[in-house]
Amino acid sequence: MGRVVGIDLGTTNSVVAVMEGGKPVVIANAEGMRTTPSVVGVNKDEERLVGQMARRQAVLDPQNTFFEVKRFMGRKYSELSPESKRVPYTIRKDETGNIKLKCPRLKRDFAPEEISAIILKKLADEASRYLGEPVTGAVITVPAYFNDAQRQATRDAGRIAGLEVKRILNEPTAASLAYGLDRVQSETILVFDLGGGTFDVSILDVGDGVFEVKSTSGDTQLGGAEFDKKIVNWLAEQFLEQEGIDLRKERQSLQRLTEAAEKAKIELSGVGVTDINLPFIAADQDGPKHLNTRLTRSQFEGLCEDLLSRLRNPLREAFRDAGLSPRDIDEVVLVGGGTRMPMVQEVVRSLINLEPNQNVNPDEVVSVGAAIQAGILAGEVKDILLLDVTPISVGLETIGGIMKTLIPRGTTIPTRRSDVFSTSEDNQTVVEVHVLQGERSMASGNKSLGRFKLMGIPPAPRGIPQVQVAFDIDANGILQVTAMDRTTGREQSITIQGASNLSAIEIEQMIEDAKRYADLDDLKKEKVEKRNRAEAMTYQAERQLREATLDFGFQFVSPYRNRIEPLVQRLREALANNDDRGIDIAEADLKDALYDLNREVYQQNKLEEGEGGILQSIKDFFLEDDDDYYYDNRRDYRDDYWNGGRSGYALNPAPEPPYRPNYPTRDEYRDPYSSGGRSTPRDDYGSSRSTPRDDYSSGTRSTPRDDYGSSSRTPRDSDFNSPPPRRSSDPYRDSSQNSEYYDYGTPRQDRSPRGNDDSIPPRRDNYDAPPRSRSDYDADYYNDRSSRDDTPRKRPSRPNYQQDNWDDEDDWL
């Protein structure tokens, strides 16, 4: 079974999130963005583009780039206003009055549900890539004020995308889930959701795992796009007055104006004035025309006065339905990118007298709530109870064209309501049920959701037959209507599809089309990747030839060059001719040739590593550590000696002697470096005497000397039963001077060779000292380590890679 994700299918941007480890996680797309533009385009190769790639081609190819399609879902062409039709692509009406989007490049029409399905498929694929497993289900959010037809259209889009829609969730409710997930204290919140194309406001009681929606209201045709259009019209009117050209009548100019208006709106949320510059926006017989103007925040707010009043009405309606006043609100949660505009925040402050909560990310909070709902349905999130309401009243038409409301708005869902009706004429055998949605008292003023007929009613005088009509609204807000004749028990039911929605046959056809186009897209993608791979191999082959020539010479590479260069040329010719078979053959041959070259290069490198050479010497000098310098010759002597030897240095690697003489303590030695010369004789390990002397049995003891005699280490007292071995001679002196050595710890003028003369004082003997235990030697060893840092080393310390590479005076260190 695949995973279930939460998807915020927005008008301008969409987001996908998933529950991971009990926490909701927003999934970034392939471009690294956490939000994906709700834009679908078709490029010159007839390849479908989704997101940022489609948005980039909107200016150059506006006819084949579709955006803000969510506004057309579940609606009739006759319901569209002239302002909503003002988009760069073509909107047409089909034979049934539904909305179709014309795509000239593919020479076909798309339903709005198909475009939304492509966006949903893209988000599901990104989630599958992130999770490493297929995504089969989704919780999709819709505006709270979406009617039944629009909700059903959203469900159809999910089916076309190959997803099982587990739940259709209201966007304000989803935002409240994300906000109140960890809230324990009960509070009343108001969710103010101003997105790119819709506006919703909901009042909820949140706390202790219970989310109860008190009321909801909104406007499905009010969003950030309306604010953009105010700027577009202002710019177009200015340009029309100055140049006499209406930019709204040309597709590319209109698209450039729309993008500039959106950018200006975003900038005015943070600054007081912004410049709008659009060079070469139009042209006439006098030459190209440019648009250069400046827009201030006060001008922008003046343009949007009517939109701000449209924001206030749903707020007042929500308070009236909930039976609350602004004083009863504990927190205001802002959702949607449109709430970043200062004038929108000021509207909220003026009506509620409360500072809005901006702790949540307005772009992602809805998808996070959808992911939480998906976790609830999957059993990953426990102890959460969500009580949503129906946003619009539903009922049926009765005699005289009057609407009879069965389920009023604000009713908690899921719910079921029924009522009994009768015939209006004598001997009437058929009853037509006309389902309506809206708040008007007359049927003509409401949205028609569907019609169906109950047939087979026995003939009887008017008013005698009993027909029971039941309305069921499930948790998704989808309506099902059932009519039953009580006399015969005959029943007829219908799941409301909405007049502007697709039929089951059309949906199945779109699902098949989506699969077929997905396979075609995969083939095109594989072909492009194969071409890219082949082109990369040609450059790789040339680079490897150059590197091998520099490393081993032209003569070494010559036979391989004669073999590889023709293959590279042949592969490039196949790419230029779009010869797939030739690409495959040339690529395989080139791989074999490169393999042979790499194998020979590897063997040659191994041979040179064994022989060494100047390159290896340079490499060793720069890369290898100075092991002698950092080697502590006291490291293993103690343990090795007690184990019967001194790592190969001991003169007599015999077992531990039964008796160990007493040696003097640290305080009884002189500091051999304090006078600039060496005051104690060196031991005899480096001498050339023929008979080795057994220092273990003698009563004298020499002060052990560091292997290099450097001043980086202080003299150590013995940690063991014998001093460590020293080098037999200075490696930089000839053999005749083996008995002499230099003291590298003394100044240069004192470095005179010294022999085994009588001027060296004799070693001290101390047989009266008590025997020392091994723990004493260990203590001396570790105490002596701390003193090594007090004396200078023989060479500079290694550089500190943690410090800056520039000093305080901005000089390179």
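Author: Let's begin with a pair of strands. Strand 5, residues 39–42, runs antiparallel to strand 7, and three bridges hold the pairing. Within it, V40 sits opposite F66 of strand 7. As a reminder, strands in a sheet pair through hydrogen bonds of the backbone, in either a parallel or an antiparallel way. The sheet here is an open one of three strands in the order 6-5-7, and its pairing is antiparallel. Strand 6 (48–50) and strand 7 (65–67) are the edge strands, each with pairing on one side only. On average, neighbouring strands in this sheet are turned by 20° against each other, if you ignore direction.

Keep in mind that this is a predicted model. Stepping back to the whole protein chain, you get 17 helices and 28 strands. Of its 813 residues, 49% are buried. The accessible surface is about 41,100 Å², with 47% of that belonging to carbon and sulfur atoms. Take the contacts between residues at least 6 apart in sequence: 66% of them join residues at least 24 apart.

Next stop, a lysine. K289 belongs to strand 17, residues 287–296. Is K289 buried or exposed? With a relative accessible area of 13%, K289 is buried, because the cut-off for buried is under 20%. Its side chain has a polar contact with the side chain of E243, at 3.3 Å. Leaving aside residues up to four places away in sequence, K289 touches F239, E243, I245 and the run P279, F280, I281, A282, A283 and D284. P279 is 10 residues from K289 in sequence, and the two C-alpha atoms are 7.0 Å apart.

Now for helix 9, residues 342–352, whose buried residues are M343, V344, Q345, V347, V348 and I352. What do those buried residues pack against? Their partners are strand 13 (187–194) and strand 18 (331–335), along with helix 5 (224–243), helix 7 (297–303) and helix 8 (305–322). Just past the end of helix 9, N353 has a positive phi of about 55°.

K107, which is not a glycine, has a positive phi of about 55°. You'll find K107 in the loop between strand 9 (99–103) and strand 10 (108–110). K107 has 76% relative accessibility, so it counts as exposed. N578 isn't a glycine either, and its phi is positive too, at about 55°. N578 sits in the loop that links helix 12 (554–576) and helix 13 (580–611), and at 48% relative accessibility N578 counts as partly exposed.

There's a cis peptide bond to check as well: it joins I413 and P414, with omega at about 0°. P414 is in the loop between strand 22 (412–413) and strand 23 (415–421).

Last, the cysteines. A disulfide is a covalent bond between the sulfur atoms of two cysteines.

Note on methods. Residues numbered from 1 in each chain as written. Predicted model: local features only at pLDDT ≥ 70, side-chain atom pairs only at ≥ 80, totals over all residues. Heavy atoms only, no water. Helix = DSSP H or I, 4+ residues; strand = E, 2+ residues; numbered from the N terminus. Buried < 20%, exposed > 50% of the residue type's maximum accessible area, 1.4 Å probe, protein only. Contact = heavy atoms within 4.5 Å. Areas by Shrake-Rupley, 256 points an atom, 1.4 Å probe, with all protein chains shown as cover. Pairing = 2+ DSSP bridges. Axes fitted to C-alpha atoms, helices over the stretch in contact; angles between N-to-C directions. Polar contact = N/O pair within 3.5 Å; in protein donor to acceptor, adjacent residues only side chain to side chain.
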